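Reader: I would like to go through this model term by term. For each label, please set the value against the criterion.

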Protein chains: 2
Amino acid sequence: MADSRITALFAPKSLALIGASDRPGALGTVVLANLREAGFAGPLHLVNPGRDAIGGVRAFPAIGAVPGDIDLAIIVTPAATVPGIIRDCAARGVRAAIVMSAGFREAGAAGRALEQEMLAHARAHGLRILGPNCVGVIRSDIGFNGTFSASNALPGRIGLVSQSGALCTAILDWARVNGVGFSSVISTGIGADVDFGEMLDFLAADPLTDSIMLYIEGIHHARPFMSALRNAARGKPVVVMKAGRHAEGSRAAFSHTGALVGSDRVFDAALRRAGALRVADFANFFGVAATLGSGMHTTGRRLAIVTNAGGPGVMAADHAADRGLRLAKLAPQTLARLDAALPAHWSHGNPVDVLGDADAARYTAAFGACLDDPQVDGLIAILTPQALTASEAVARALVKAATGQDKPVLACWMGEPSVASSRALFRAARLPGYRTPEAAVDAFAAISTHGRNRLQLGGRSTPSRPPVAADVAGARALIEAALAQGRSVLTLTESKAVLGAFHIDVVPSLPARSAAEAVARAQEAGFPVAMKILSPDISHKTEVNGVRLHLADAGQVQASFADLTASVARLRPAARIEGVVIEPMARGHEVMVGIARDEVFGPGISFGLGGTLVELLQDAAVALPPLDHHLAADLISRSRAAAYLRPFRGAPPASEAALHELLLRVSAMACELPWLAEMDLNPVVVDAAGARAIDARIVVQAVPADAGPYDHLAIDPDPGP
Amino acid sequence: MADSRITALFAPKSLALIGASDRPGALGTVVLANLREAGFAGPLHLVNPGRDAIGGVRAFPAIGAVPGDIDLAIIVTPAATVPGIIRDCAARGVRAAIVMSAGFREAGAAGRALEQEMLAHARAHGLRILGPNCVGVIRSDIGFNGTFSASNALPGRIGLVSQSGALCTAILDWARVNGVGFSSVISTGIGADVDFGEMLDFLAADPLTDSIMLYIEGIHHARPFMSALRNAARGKPVVVMKAGRHAEGSRAAFSHTGALVGSDRVFDAALRRAGALRVADFANFFGVAATLGSGMHTTGRRLAIVTNAGGPGVMAADHAADRGLRLAKLAPQTLARLDAALPAHWSHGNPVDVLGDADAARYTAAFGACLDDPQVDGLIAILTPQALTASEAVARALVKAATGQDKPVLACWMGEPSVASSRALFRAARLPGYRTPEAAVDAFAAISTHGRNRLQLGGRSTPSRPPVAADVAGARALIEAALAQGRSVLTLTESKAVLGAFHIDVVPSLPARSAAEAVARAQEAGFPVAMKILSPDISHKTEVNGVRLHLADAGQVQASFADLTASVARLRPAARIEGVVIEPMARGHEVMVGIARDEVFGPGISFGLGGTLVELLQDAAVALPPLDHHLAADLISRSRAAAYLRPFRGAPPASEAALHELLLRVSAMACELPWLAEMDLNPVVVDAAGARAIDARIVVQAVPADAGPYDHLAIDPDPGP
């Protein structure tokens with residue numbers, strides 16, 4: 001179970017408010033009012049050296065004068081006073097402190113010094129600190145609102161952690177209006193001591209928390225974050241919103257992969273790997289929170305829609321297709337039940353249009369028929385208020401149908417005053433309601449995706465090291481030699497050697513200086529072959545007509561050598577021509593496999609369509625290593641190349657096994673070679689027999705001497721003593 | 001100006017309610033209550049054969065007994081009684097009728113007969129009918145609420161036309177709560193008589209309407225719709241929401257274009273061409289309505305964001321990038337003004353983070369500096385309610401900054417109770433407010449895109465026929481010959497001939513039956529050449545190793561002939577091999593140009609990346625013919641191929657002029673050849689000198705003998721007497 005000091009911080013039994021006040025507008029006044037209004041049952045002591053009493057309650061001059069055991073001190077005094085107060089708290093045996101005051105590292109060198117001094121005092125006695133510069137903590141079951149937020153949280157079973165204090169009030173405001181409650185609300189502040197990982201561990205172990213919402217602006221220590229996130233997501237839904245999807249910019253791109261895979265895609269891969277669910281915008285964050293608050297779960301994607309108007313049903317269906325959901329194909333017996341219960345003009349399919357004059361009885365019949373159908377994984381009920389619509393009666397019918405249901409049931413009552421009483425009913429019944437069909441579909445997609453992520457996470461144990469034998473020492477020697485020469489981009493020969501050390505198949509390029517040598521090399525490679533100009537001065541060979549493909553026999557090779565070298569010499573008279581290279585013709589499906597290293601999360605493995613258009617196409621799915629077969633299959637399935645690998649316009653299907661094997665070997669490279677900054681294998685040609693890289697580009701960087709293999713995901717530490 | 005009978009329908013001076021009632025729950029009771037509450041100033045007569053008086057007001061037994069002039073009859077009686085009532089109304093000189101009753105064509109054959117009878121009576125006397133099966137009409141300036149909606153519209157300057165009665169109440173509910181008002185609300189019902197085009201013409205000419213919202217479920221007559229839509233959009237913003245983006249399904253795809261271009265993409269192209277703005281979901285429909293209601297306009301895309309919290313600013317920036325907007329680069333003097341007014345820690349860039357403790361003065365300085373910057377086209381102000389935030393004072397400052405501004409100013413005050421009074425201020429000042437940064441950005445994107453569409457539409461006159469000389473008769477003869485043989489797919493030779501009739505350059509395929517003939521054809525074509533197997537039994541030539549590329553001289557052609565035919569014979573012993581075809585090697589940028597015909601809107605021209613992956617890539621922009629250079633450029637710019645046509649990885653840029661010329665010729669084909677069902681030119685190779693089709697596939701269909709050239713967009717009829 002969690003550290004007792006962390007428990008003292010997030011679920012305290014006794015409190016001291018240092019800087020308590022009754023001066024209007026003062027932080028100490030707002031926090032005191034919040035603490036009192038929320039009805040905390042344990043002792044609450046006030047500390048203010050300038051006052052004997054505040055609002056009729058005794059105030060102590062310093063924490064040292066307060067009697068009895070104190071779990072948590074809330075500190076709202078100016079930054080300069082905080083180190084001394086922390087020292088006194090620690091000396092006094094206070095277990096934890098929330099420091100709301102600003103003016104630490106964000107205020108420059110002087111603030112940074114204050115922060116260090118504060119931390120030194122705290123660590124000397126094991127006192128734990130939340131903040132500084134945070135909004136505080138709410139723990140609803142014990143009536144604890146240790147924040148300066150204008151809204152308290154309704155009691156509930158969601159744990160919220162926010163890196164932005166500014167958004168806390170907006171989120172709490174919204175949640176209150178929409179009936180969404182929280183078990184805990186934690187504002188991290190700048191995270192000088194207690195970090196995201198410890199907060200996640202607390203909420204993961206907390207029996208009052210069913211699901212976790214995280215608002216993240218940046219992660220600095222990937223490994224403890226990932227460990228805690230995976231641990232939490234094993235047991236509970238974790239929904240993450242992170243700002244900064246397009247803030248990639250600064251990376252210099254030596255490769256397609258570098259240009260495609262910004263740090264945000266790697267962050268995305270990390271969340272997916274941890275079994276968490278990322279939402280893209282605020283509206284969805286709130287919508288998903290409401291849904292999760294209701295405790296609904298499914299791993300299915302087959303949706304039934306019941307509506308009293310065609311248009312909103314079609315909009316829901318449109319949006320379901322956008323989100324990768326499917327409309328459930330209703331079983332014959334379901335259709336028969338609906339035929340019996342609905343007027344002849346009903347839509348006779350899904351969406352189930354119960355028509356504009358539908359009453360509660362007609363809706364009830366449709367709800368029952370759909371929810372009983374084993375082909376249906378969840379239901380969205382849509383109501384538009386028409387002339388004779390009994391909105392509230394239908395709402396009651398939906399609540400009744402949802403009661404005791406395993407399948408998610410979501411409501412979309414459109415309008416405002418006409419459906420206000422229905423919305424109140426849904427809130428009371430904890431049935432999630434949405435204003436638009438699209439929002440309801442987004443919520444169902446979120447529960448379904450989350451269910452699948454958890455299933456994936458829970459059902460397998462990730463290998464701690466990929467099972468690939470490799471000559472790591474050989475690869476390292478090659479890379480370090482290049483770095484010693486001041487080069488970060490490996491030559492093709494070096495790249496091939498590094499790939500060879502991991503048993504990754506690369507098409508051989510056999511150099512030939514004469515026509516006779518070219519024929520000999522072609523015979524070694526096996527016909528048909530490709531012939532390409534070999535010149536240190538030419539990088540884009542096709543531009544100078546420097547490539548011949550499909551050469552089928554010795555005669556064609558012989559003839560092509562003279563033609564090719566002469567032709568290039570005409571077009572580029574200044575280029576040094578060293579001869580040609582001969583490569584066997586590779587035919588099959590062209591894909592791209594790459595590695596790009598993120599500063600925080602380490603290497604990400606990318607996969608997508610291959611060829612020179614990859615940057616244009618923006619088709620790169622990303623996963624974190626280590627991969628196993630299951631994760632490799634998932635990575636492939638998230639790229640457009642997945643469709644292309646299947647039998648396509650007559651081409652035979654690609655060997656999935658060979659592609660998986662190649663991805664596992666690339667995963668091993670990513671784990672074992674911390675020097676790899678970027679790698680492009682493009683194209684990789686996959687046919688029915690195997691997968692081979694045609695071209696390779698590797699960019700390396702120096703790393704600290706003690707850098708070991710990448711294993712952020714290898715070990716799941718115990719969540720705490 | 002508009003037809004006086006249409007004016008009588010949408011802005012009546014005198015009314016009769018036929019079926020007036022005071023029985024609780026009756027439609028006639030609801031409509032009467034709405035009419036009275038809205039305070040219509042003109043005469044309102046009640047008709048009910050069973051009553052002498054209703055609510056103390058005299059009721060007439062029939063319309064014939066009503067004295068005086070009557071503009072509009074509202075009919076709520078059962079369908080079976082409606083034809084007779086319409087006959088009486090028409091005979092009595094009533095100018096127009098709203099038929100709310102259901103039970104016409106949607107109720108089968110009997111209902112269809114009633115509808116015909118009703119229309120016959122109306123047409124005999126020139127009476128115009130809205131509906132049947134509609135919610136009615138609201139005209140707010142004259143206090144006319146002739147609907148059974150639960151909510152009346154607030155007065156305003158938006159005209160709303162909805163094909164779904166079911167959504168009317170939801171939209172009106174929402175608009176009322178959000179302070180959005182309407183000049184007119186029109187529920188079309190099934191549109192038996194007065195159609196969308198006439199409603200648009202009315203709103204276009206209406207001096208009380210500044211902008212138009214359309215909710216569409218389907219269009220049956222494209223030409224009058226398009227004429228009215230273009231006419232309306234010339235003068236006023238038109239925002240369209242249409243359900244059914246994915247409802248494409250049934251078209252059999254003979255070509256890439258056919259598979260890619262569903263009817264929804266053609267509908268999209270039609271709206272764009274008409275200068276209207278389509279929104280994808282309900283949340284945006286409402287958001288854009290609120291924005292348009294404020295009368296803001298811009299054609300720019302450069303956004304300034306002022307915020308008191310970093311995260312929401314970054315979210316707005318993320319979403320702006322998603323929507324193709326740019327963050328304004330603030331001018332040096334703007335930065336200097338901000339430096340002078342803000343604390344040292346401000347973000348020093350856009351988004352302008354005025355920090356968590358910002359007061360109204362600080363916000364005011366930031367608003368002024370941003371709005372004065374000529375690099376800024378619009379402003380989004382974001383506020384999160386923090387400890388000391390004076391939300392309402394900042395809201396007042398924003399309203400003041402927005403007053404008299406030409407640039408759009410949008411508010412995003414996050415939260416609910418904490419910012420409720422600010423929202424009320426914004427509503428009172430008609431300043432559009434949003435709950436999330438993403439919604440505010442969507443709204444700005446909508447005004448900007450709409451501004452651009454209108455600019456495009458207003459600045460040019462579309463050519464009535466494209467200026468391309470073509471042998472239409474020759475093309476027609478070829479197509480009709482194929483159709484006479486029962487074929488719908490043209491042979492390659494026929495396709496090339498049809499393209500030739502429109503002077504579209506196609507790479508020649510020169511057949512050769514022997515090596516000697518092949519050499520002769522290659523010398524005609526010019527080296528290097530491609531050689532491809534010629535066999536009626538082989539369609540995928542690369543699959544049987546049946547293609548040789550880059551053959552540089554006679555020797556290579558000679559050697560390849562024997563090798564190629566032998567190799568194919570080994571792989572496909574049963575295939576009839578007739579020889580080879582020789583084609584000059586085309587090198588350049590590969591794109592795809594196509595035509596797909598929509599049943600309602602006619603031909604759409606598609607453009608995108610070329611090659612065999614096009615279906616996978618789903619990259620097809622669509623435009624309606626006729627194109628001119630401006631529209632061709634716009635079509636190209638909407639495809640990913642646009643980036644690819646620029647200098648890319650060393651390849652020279654493609655000739656835009658040549659590509660435009662080709663698109664204009666394809667546009668001429670689309671207009672002049674009504675037989676064209678689908679056409680693929682894929683790839684079209686564009687280099688610095690020209691654009692040539694490498695392969696062509698044309699699917700034709702029989703059309704009525706009197707089918708003329710396509711000219712839906714050629715003529716803009718006078719909007720009415």
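Reader: Why are α12(B) and α13(B) called roughly antiparallel?

Author: This is a predicted model. Helix α12 (residues 332-341) of chain B and helix α13 (residues 360-372) of chain B pack at about 175 degrees. Angles over 145 degrees count as roughly antiparallel, and therefore α12(B) and α13(B) are given that label. The distance between their axes is 9 Å.

Reader: Which residues make that contact, and how do they divide by class?

Author: From α12(B) come B:Thr334, B:Arg337, B:Leu338 and B:Ala341. From α13(B) come B:Arg362, B:Ala365, B:Ala366, B:Ala369 and B:Cys370. The division is six nonpolar, one polar and two charged.

Reader: What makes α3(B) and α4(B) roughly parallel?

Author: Helix α3 (residues 82-92) of chain B and helix α4 (residues 109-125) of chain B meet at an angle of about 0 degrees, with the axes 8 Å apart. The limit for roughly parallel is an angle under 35 degrees, so α3(B) and α4(B) are roughly parallel to each other. On the α3(B) side the contact is made by B:Val82, B:Pro83, B:Ile86, B:Arg87, B:Ala90 and B:Ala91. On the α4(B) side it is made by B:Leu114, B:Glu117, B:Met118, B:His121, B:Ala122, B:Ala124 and B:His125. By class there are nine nonpolar, two polar and two charged residues in this contact.

Reader: What does helix α2 of chain B lie across, and at what angle does it run to β1(B)?

Author: Helix α2 (residues 27-38) of chain B lies across β1 (15-18), β2 (44-47) and β5 (72-75) of chain B. The angle to β1(B) is about 160 degrees.

Reader: What is the strand order of the seven-stranded open sheet in chain B, and what makes a strand of it an edge strand?

Author: The order is β3-β4-β2-β1-β5-β6-β7 (chain B), and the pairing is mixed. An edge strand pairs on one side only, as do β3 (53-54) and β7 (128-130) of chain B.

Reader: How do you know that the two copies are related as by a two-fold rotation axis?

Author: Chain B is superposed on chain A by a rotation of 180 degrees, with 0.0 Å of shift along the axis and an RMSD of 0.1 Å. The relation is thus that of a two-fold rotation axis. The same surface serves both copies, as 99% of the contact residues of chain B recur in chain A.

Reader: How many residues are in contact between the chains?

Author: 69 residues of chain B are in contact with 68 residues of chain A. The side of chain B that touches chain A has 32 nonpolar, 23 polar and 14 charged residues.

Reader: What makes the peptide bond between A:Asn350 and A:Pro351 worth a label, and where is A:Pro351?

Author: The bond is cis, with omega about 5 degrees. A:Pro351 lies in the loop between α12 (332-341) and β17 (352-353) of chain A. In chain B, the bond from B:Asn682 to B:Pro683 is cis, with omega near -5 degrees. B:Pro683 is placed in strand β28 (residues 676-686) of chain B.

Notes
Residues are numbered from 1 along each chain as its sequence is written. Chains are lettered from A and ligands numbered from 1 in the order in which they are written. This is a predicted model: local features need pLDDT of at least 70, side-chain atom pairs count only at pLDDT 80 or more; totals for chains, interfaces and linings use all residues. Two residues are in contact if their C-beta atoms, placed from the backbone, lie within 7 Å. Ala, Val, Leu, Ile, Met, Phe, Trp, Tyr, Cys and Pro count as nonpolar, Asp, Glu, Lys and Arg as charged, and the others, Gly among them, as polar. Copies are superposed by least squares on the C-alpha atoms of residues with pLDDT of at least 70 in both. Axes are lines fitted to C-alpha atoms, for helices over the stretch in contact, and angles run from 0 to 180 degrees between N-to-C directions. Helices (H or I, at least four residues) and strands (E, at least two) are DSSP runs, numbered from the N terminus. Angles under 35 degrees count as roughly parallel, over 145 as roughly antiparallel, 65 to 115 as roughly perpendicular and the rest as oblique. Two strands pair if DSSP finds at least two bridges between them.
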